[in-house]
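Please consult the sequence and the coordinates while reading the points below.

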Amino acid sequence: MARYEDELICDMARFYHIYSYREHDPVYIATLFGGLGDDSRVVMKMNNMMCDNMTYILAMIKDELAAINYSLSADEQREKPEFLTERLIQTADEMKKSEMSTGFESIESFNEWYAGKVGNENGRSW
């Protein structure tokens, strides 16, 4: 539970109106955690999903309709449609990779990384 604590806090508040889960018995919280549905933040995070299943289904329907429309179009200037499901899956994969590579051995290594990402124009050191 420590790995997904932020998501757990949100889900406990959203579904069970528990705003401080540490005040409750851990077995009770674990039981509630086990009952969370597929649309909860912690379940989506554990499964590396960017959105719930219904959103994936709607994106797939949109993509199929766009592909049908593209195949029926006689216009030679037509552009291939952009598929949402590909973007959702790529984003989920990128999120997983970024979670696996977050860590610094020292404050200096963080400062170097941060300066390279945003540019250190103000000379700020953390």
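In this predicted model, helix α4 covers residues 53-72, 20 residues in total. From its first C-alpha to its last, α4 reaches 29 Å, close to the 28 Å expected at 1.5 Å a residue.

**Faces of helix α4**
- The buried residues of α4 are Y56, A59, D63 and A66.
- Viewed down the axis of α4, these buried residues fall within an arc of 90 degrees, so they line one face of the helix.
- An α-helix has 3.6 residues a turn, so residues three or four places apart point the same way.
- The other side of α4 carries exposed residues, namely M54, L58, E64, L65, N69 and L72.

- D63 is located in helix α4.
- The relative accessible area of D63 is 4%, and because the cut-off for burial is under 20%, D63 is classed as buried.
- Leaving aside residues up to four places away in sequence, D63 touches E82, F83, L84 and T85.

**Packing of helices α1 and α2**
- Two packed helices are described by the angle between their axes and the distance between the axes.
- For helix α1 (residues 5-16) and helix α2 (residues 26-34), the axes come within 11 Å and cross at roughly 80 degrees.
- Helices α1 and α2 are therefore roughly perpendicular to each other.
- The contact is made by L8, M12 and Y16 of α1 together with I29, L32 and F33 of α2.
- Classified by residue type, the contact of α1 with α2 has six nonpolar residues, with no polar and no charged residues.

Technical notes:
Residues are numbered from 1 along each chain as its sequence is written. This is a predicted model: local features need pLDDT of at least 70, side-chain atom pairs count only at pLDDT 80 or more; totals for chains, interfaces and linings use all residues. Side-chain values use heavy atoms; hydrogens and water are left out. Helices (H or I, at least four residues) and strands (E, at least two) are DSSP runs, numbered from the N terminus. The expected span of a helix is 1.5 Å times one less than its number of residues. Buried means under 20% relative accessible area, exposed over 50%, partly exposed in between (1.4 Å probe, protein chains only). The arc is that of the directions from the helix axis to the C-beta atoms. Axes are lines fitted to C-alpha atoms, for helices over the stretch in contact, and angles run from 0 to 180 degrees between N-to-C directions. Angles under 35 degrees count as roughly parallel, over 145 as roughly antiparallel, 65 to 115 as roughly perpendicular and the rest as oblique. Contact means heavy atoms within 4.5 Å. Ala, Val, Leu, Ile, Met, Phe, Trp, Tyr, Cys and Pro count as nonpolar, Asp, Glu, Lys and Arg as charged, and the others, Gly among them, as polar.
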